[in-house]
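Biologist: I'm new to this one. Can you show me the model, and then I'll ask a few things?

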Amino acid sequence: MASAWWPCLILALLSGLAASGFPRSPSRPLGKRSLPEGVVNGIEVYSTKISCKVTSRFAHNVVTTRAVNRADTAKEVSFDVELPKTAFITNFTLTIDGVTYPGNVKEKEVAKKQYEKAVSQGKTAGLVKASGRKLEKFTVSVNVAAGSKVTFELTYEELLKRHKGKYEMYLKVQPKQLVKHFEIEADIFEPQGISTLDAEASFITNDLLGSALTKSFSGRKGRVSFKPSMDQQRSCPTCTDSLLNGDFIITYDVNRESPANVQIVNGYFVHFFAPQGLPVVPKNVVFVIDVSGSMHGRKMEQTKDALLKILEDVKEDDYLNFILFSGDVTTWKDTLVQATPENIEEARTFVKNIDDQGMTNINDGLLRGISMLNKAREEHSVPERSTSIIIMLTDGDPNVGESRPEKIQENVRNAIGGKFPLYNLGFGNNLNYNFLESMALENHGLARRIYEDSDANLQLQGFYEEVANPLLTGVEVEYPENAIQDLTQSAYQHFYDGSEIVVAGRLLDEDMNNFKADVKGHGAINDLTFTEEVTPEKITLWSGAAQSTFSWLDTVTVTQDGLSVTINRKKNMVVSFGDGVTFVVVLHQVWKKHPVHQDFLGFYVVDSHRMSAQTHGLLGQFFHPFDFKVSDIHPGSDPTKPDATMVVKNHRLTVTRGSQKDYRKDASVGTKVACWFVHNNGQGLIDGVHSDYIVPNLF
C-alpha cells in the first residue's frame, strides 16, 4: 500500500521561493580563492547544531545547519534530517542572505498532494518519509547563488517513552562532510530529579567519544554536549570525509520516591506512573509463527534462534504454546503447558525442527491461538492471577483461507473480545504492515517491524523482553468526579516492568488547591491501589513561551541571559540580575493548625543602590535614601514596644518600635534587626494609599 510509506508526512512549502533561484543581495564579484577544507561540490556546511531541551520527558529539538556556496556558479544545497517516527515537526524555515522563508507544516494526506504539486511547479518543498527502524527522513533542497549563505532550521518535538527502565532520545548523525562547528547539546530538566544519564554513539570509538563528549547531572538538571573537532570527525588522520554517520543516543531515568508523580501547569496536568519492586505476574503466551515458503532460509533460522533464546528466559510459572501456520495450522501441544524444565527442553527440540512450507493462512493461525488462550482461562488450567498474551510473527500477506484483511481483523477482534493483547511482528518489507498495526492496536497491543538485518534475532528477543515482565494487569487511573476533562487514555491492560503509564488532562478549576489520583491494578499476589495527593503550589519561570515549573520542595539554580534564580528548599527564592541587583522571596510558614494565619510569601530587597532614581512602586520608592526624623519616644500600648513620632514627607506619624528580619547578609534565614513600624497600612509614608499598589495578578 502506498500509504505505508507516509506514516507521518510533513510538508514545508516555502512561500515565494522557487527551486531555480530566490531574491538575494546585489551580486558581488567572486575572485579566485582557495576553498577551505570541508567544501564538497562547492558547498561548505560550516555549522550544524542539534539543540535539545527536555522538560518532564518532553523533548523540544532544533536542528540548525548553515552553509555557504563557495563556487562561482549557483549550486543545489540539500538539508536532510532523520527524526524519530514518534516525533512531530512544529516549524521549518530557510534563511537565505538574511531573508527568512517560513514553511507551512501540513497533515500527511494534504502534504503528499501539495508536495507533488509544488515539485511539479519548481517550488521548494520538503517531505518526511520512513527511513529505517526508528526514523523518518525530512529532505529539502534549494538552489543557492554563488557566494550566498543559507540556514536551514527544523524544529520537532516528542514525548520520550520509558523503555527498559530508561528514557531514550535517539538522534541520527549524518553530516556527510567535515563541519567546522558541529555540536549536539542536550539540557534535561526533570522535577523528580535525575538518577542516571548516559550517552553513546554507534559511529565512534569510546576513546574518541570521550574526548568530544561531556555529560553531567545533579539534582533536577542534566546536560550532554558532543562537540567533535574537524580532526576528530575525520574517518582517518589524513582523510577528508567524515566518520560521523550513525546513531547518537541519550538515555536517562528519574528518581522515584513514590510510584507516581503528577505535575500541574496552567490548569493542565500530566500523571506519570511507574511502580518498582512488584512481583511479576505469570503470563500465558502463545507464539503464532509464520512458516510459509517465504520464510525459507535466513528468516527462519533467525526466528528459530530468537525463539530458542526466548525459551531460556521463560519463567517456570508461565504457560506457553507454539502455533505454526502456512497453508495449514499445526500446534506443538493441544493446550497450554507450564514452562517446567522438562517442557522447555521439549519445546527447544520442537523449535529446532521447525521447517518452512506452503502458503500464508494468518486468519486460522491467529484464531487457533486465541481459542487456546480462551479455553485455558475458561477451564481454569492456568493460574487465576495470570495474564494472557498472543504474539504473531509473519513476513507476508494472507493468501490462503480468509485473505481479506478487514475480515481477518473482524474475526480476531470478535474472538479476543478485549480480554488480552495481540502483538504483531512484521518480518521484512514485503507485507501489509498497516494491516498488522491496525489489528494489533484495536486489540490493545502494538506492531513492530523486524528488519532483515544480521541482528533480526536480537530484534525479536528485544521485543519479547519488553513484554516478558508484566507487573500489573487491568490498570485503571481514577480522578475526582467533575474535576477533570479532556483526559487521555486512563485504562491499560498491562503495565510492564521498565515502562511507564502517562495520563494527561485538564483541571476544570484552574485554582484547585489539590486533588487525589488513584491507580488501581491486579498484581501477582493481590489487588493494589496507589494514591497520589496533588497540590499545585509551585514556582513557574518563563522564558518567552517556554516555562519551567518548580515547587518549594526543590533546591535548584537556574541561570539564563544574565538572570539567576536559586530556590532553597522550603526557605526562599533568590533572584539576581544585571549588575548585582538581588531580591529574596521568603516562604513564611506558620503552624499548620493555626486558626487564622496561612503560609505566605515575603518579597525583600537585598541590594538597593543599583536601581535608577525613576524606580517607584511599593518598594521602589524607597530604593534611594529619603529624609525622616524620629523623636518623642514614649511608652505605647505594649510596654515592650515603645511608640515615637516620625516626621517624613511632611507628614507627622505615630510609629512603634519592633523587630524584623534583614536578609541582605543572610539570604537563607536572615538577621533580626530593630525597626519602626508605621500604622494604617503605611499611610503618610508611602505615596498615595496602599490600595494603589494592589493588582489582581502580575500579568
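Biologist: Is asparagine 363 buried or exposed?

Modeller: This is a predicted model. In it, asparagine 363 has 4% relative accessibility. Buried means under 20%, so asparagine 363 counts as buried.

Biologist: Which helix is asparagine 363 found in?

Modeller: Helix 6, which covers residues 362-378.

Biologist: And what is asparagine 363 in contact with, leaving aside neighbours within four places in sequence?

Modeller: Glu402, Ile408 and Asn411.

Biologist: How many bridges join strand 11 to strand 12?

Modeller: Two, with strand 12 spanning residues 166-173. Histidine 163 has lysine 166 of strand 12 as its bridge partner.

Biologist: Now further along. How many bridges join strand 41 to strand 42?

Modeller: Six; strand 41 is residues 641-648, strand 42 is residues 651-662, and they run antiparallel. In strand 42, threonine 654 is the bridge partner of threonine 645.

Biologist: What do strand 41 and strand 42 form?

Modeller: A hairpin, with two residues between the strands. Lysine 649 is in the turn and has a positive phi of about 50°.

Biologist: Over how many bridges does strand 42 pair with strand 43?

Modeller: Eight, in the antiparallel sense, with strand 43 at residues 671-678. Serine 659 has alanine 674 in strand 43 as its bridge partner.

Terms used: Residues numbered from 1 in each chain as written. Predicted model: local features only at pLDDT ≥ 70, side-chain atom pairs only at ≥ 80, totals over all residues. Heavy atoms only, no water. Pairing = 2+ DSSP bridges. Helix = DSSP H or I, 4+ residues; strand = E, 2+ residues; numbered from the N terminus. Buried < 20%, exposed > 50% of the residue type's maximum accessible area, 1.4 Å probe, protein only. Contact = heavy atoms within 4.5 Å.
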